[in-house]
Amino acid sequence: MPHPTAPALPAESRLSAPRKHLPRAVSALCALLGVLVVLVGAGAGPAQAASERAPLVVVGFSGVRWSDVSPEATPALASMTSGAIGTVAVRSVFTAACPADGWLGLSAGRRATAFDGTSAQHVNAPCAPVAEPVDGVQPDFAEYQRIADGDTFSAVPGTLGQALADAGTSTLAVGPGAAVALADTAGTVPAYASADDPVAVGGYVQDALETGRQVVVVDAGTVRDPEDLPSAETPPTASRAEQVAAVDAVLAQVQRAIADSTGTQDTTLLAVSLADAGKTAHLQFGAATGPQPGSGSYDGFLGSRSTRQTAIVQTTDLTPTVLALALGSDHGTPGLVGAPVTSTDPGADAASREEKVRDLDAAAQAVQPLVGPFFTVWGSAQIVLYAVATLALRKAWGGPAGRRRVLAWLRGIAVVFGAVCASTFLANTLPWWRHGETTGSHLLAVSGAVALYVAVITALALLGPWRRTALGPLGFVGFVTAAVLAVDTATGSRLITSSLNGLQPVVAGRFYGLGNQQFALFATGSLLFTIAVADRLVRTGRRRVAVAVVAALGLLTTFVDGVLGSDFGGPPAILPAFGFLALVVAGVRITTRRVVLILGATVLALAAISVADWLRPVDDQTHLGRFVQTLLDGGAWQVVERKAAQNLRILYSNWMLSLVLALAAAFTAFVLARPKVLGVSVLQRAYDRHPVLKPGLACLVVLLGIGFAVNDSGAAVPAVGAMLAVPLLIACCTRVLADEPVGSAAPEVSRAS
């Protein structure tokens, strides 16, 4: 029976669619590349079964977070815990997403915006309201498409509506935002109803479901935080709590309509916050009940293969979700970058699930303001360390006994600096953000967690059996850093997420694997460990074993970074660095021809890994396989253009950073190549004692240099890599001096000064 208060639905209008002899080391490397490709393709499995079609209702709103939800104030939102719950990363073109941006993201399946301006202008610009359709056409759609054509995200507003119309799917949009979501590429909305009254909204939904409409999208309103608005935006008259309650009232009517028509078990209900409440980006509310794509019903936590994070999905995941539920599959619609939202961990109790989703946003908000100060303090402290080390390594204060004490202290401090890198990730094993809320200082809480792990790693580095050699702590800390990132990457990137050195979910640049900073630390740590092991083997006369170890560790590093870490820009830097190191360890002279061979093998290996990943089922593909698909779809240039523009923008906008990077690179390369020129003779003595150290550091320069060149935001790669490598190199030099006989070493130190 129709809902007793339901106004008559508007008639549905249909719109037709417009539309030759290699060195042994290189041979071994190439042979092992085959093993790597086999490992990449090993995960192939059957594709996910198509989902049965069931009615779908999407209730969208903006500015609602899990911290706003309680059974007393928002009973309808709280009741969604009966299904699967999660958070939504709503990042659009700009840092904070406006309501129109969220609806456009659902419409296009890509990041899109209604604001025609720059990031600097967007900070204080008010969010424009979404207009109602006029005569079945969204009046601003042509402008939305013009703005999308001008950015590099290749968004096509109307993608969702056009795909549904082409498939003959009957839809209804309730409210202006829903009209944007379901409009086709011409801006035409097949069927529309106003959302002025919550009771009327429930009537529209019930009638739509009872008359066989398969997809209903409802705009349940917006929440704008009066304390966090752009300066040019007029604050709403209602409080934040009142606005959230209004959204809850609409959702309650929709839930009642579903129960009275098809039943809650037969209809999928997605309730999602699509945008932020103000200038500050947050992880937003997300929940689902009823049948999910594939099989079964939503239960536990929301998730998608685009984020690979428990309880985190993206706005761009909603488009393929709607298509998967309405059409049985999200495949065949070009331009989608997300993945269907499904559920994981069924059976978890509601209280623990709510704690999880609240923690996700709490951790993201706690760490965001600390990242900048952390790098400022860490970078400044490193400069002080370098200055102190320069003096301590060149002068003999307090005679032989005083000199030994100074070197011991310097070595310990240098290892502490190196241990900070891994500790920033390990700190997330402790819920420091909760302690920060209790004590009132997130900075103090995270500093304590980092300090705890720094103490453990430093103690192991200086007390373990490897302490007896100059390269021991260097190799140990490098191994720990690489191992922490490798294990975390293989197990879901839980430690990397919302860490000081990690991925920030509200930025939504990447949710799993290794980003630029993590790549720099992982690859640098792996290379330092390889240098230490290979040097030990070479000095004990086992050169062939050393070559095999370098090749094997290089391929393992490439596999972890490129496949498990889903890092397209990592292997082009890792393979040449380890390849050159293998040649040097094998005693093969580096020539132009061999450089070309190494670089050619790198390109072939990257292509092979990418194609192997592309051949896997779509659900198992990483960024590498999806880039191949993007290449086939003709969108590769937009990706390259956007990444190059981002890298150049960082350098152009911060000329001081560009100058420092250039000077630091030139200075480091000069000192590593000619250490005696600046009086750093201890480095030359370290080279003489450890034959793999000098070529290894040269390979590190190659690694960080290529990493800088081929990655978007690559300016961070050499800086972060140096923050791990340089302190550990200082620790190595202190041990070289300490191991020398006092009678012979002290005069040389004096002459060097």
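Predicted model: local features only at pLDDT ≥ 70, side-chain atom pairs only at ≥ 80, totals over all residues.

Student: What makes α17 roughly antiparallel to α18?

Tutor: Helix α17 (residues 543-564) and helix α18 (residues 571-585) pack at an angle of about 180 degrees, with axes 9 Å apart. Angles under 35 degrees count as roughly parallel, over 145 as roughly antiparallel, 65 to 115 as roughly perpendicular and the rest as oblique. So α17 is roughly antiparallel to α18. The axes are lines fitted to C-alpha atoms over the stretch in contact, and angles run from 0 to 180 degrees between N-to-C directions. Helices here are DSSP runs (H or I, at least four residues), as are strands (E, at least two), numbered from the N terminus.

Student: Which residues of α17 and α18 meet?

Tutor: Among them are V547, V550 and L553 in α17, and I574, L575 and F578 in α18. Contact means heavy atoms within 4.5 Å.

Student: Why is the pair of F61 and F285 called tilted?

Tutor: The ring centres of F61 and F285 are 6.1 Å apart, with 45 degrees between the planes. Rings of Phe, Tyr and Trp (its six-membered ring) pair if their centres lie within 6.5 Å; planes under 30 degrees apart count as stacked, over 60 as edge-to-face and the rest as tilted. F61 sits in strand β1 (residues 56-62) and F285 in strand β7 (residues 283-289), so the pair ties together parts 224 residues apart in sequence. F61, F285 and W66 form one aromatic cluster.

Student: And how do you know that F61 is buried?

Tutor: Buried means under 20% relative accessible area, exposed over 50%, partly exposed in between (1.4 Å probe, protein chains only). F61 is at 0%, so it counts as buried. F285 is buried too, at 0%.

Student: What makes the pair of F141 and Y144 edge-to-face?

Tutor: Their centres are 6.2 Å apart and their planes at 70 degrees, so the pair is edge-to-face. F141 and Y144 both lie in helix α5 (residues 141-150), 3 residues apart, about one turn of the helix. F141 is buried at 1%, and Y144 counts as buried at 5%.

Student: Why is T262 called partly exposed?

Tutor: T262 has 23% relative accessibility, so partly exposed is the label. T262 is in the loop between α9 (240-261) and β6 (268-273). Leaving aside neighbours within four places in sequence, T262 is in contact with P55, L209 and T267.

Student: How do you know that helix α6 is mostly covered?

Tutor: In α6 (residues 159-166), 6 of its 8 residues are buried. They are T159, L160, G161, Q162, A163 and L164. What covers them includes α3 (99-108), β3 (171-174) and α7 (176-182).

Student: Which residues touch the most other members of the largest nonpolar core?

Tutor: W432, V585, L693 and L703 do, in a core of 100 residues. A nonpolar core is a set of buried Ala, Val, Leu, Ile, Met, Phe, Trp, Tyr and Cys residues joined through side-chain atoms within 4.5 Å. Helix α25 (residues 716-739) gives the largest share of this core, 13 residues.

Conventions
Residues numbered from 1 in each chain as written. Heavy atoms only, no water.
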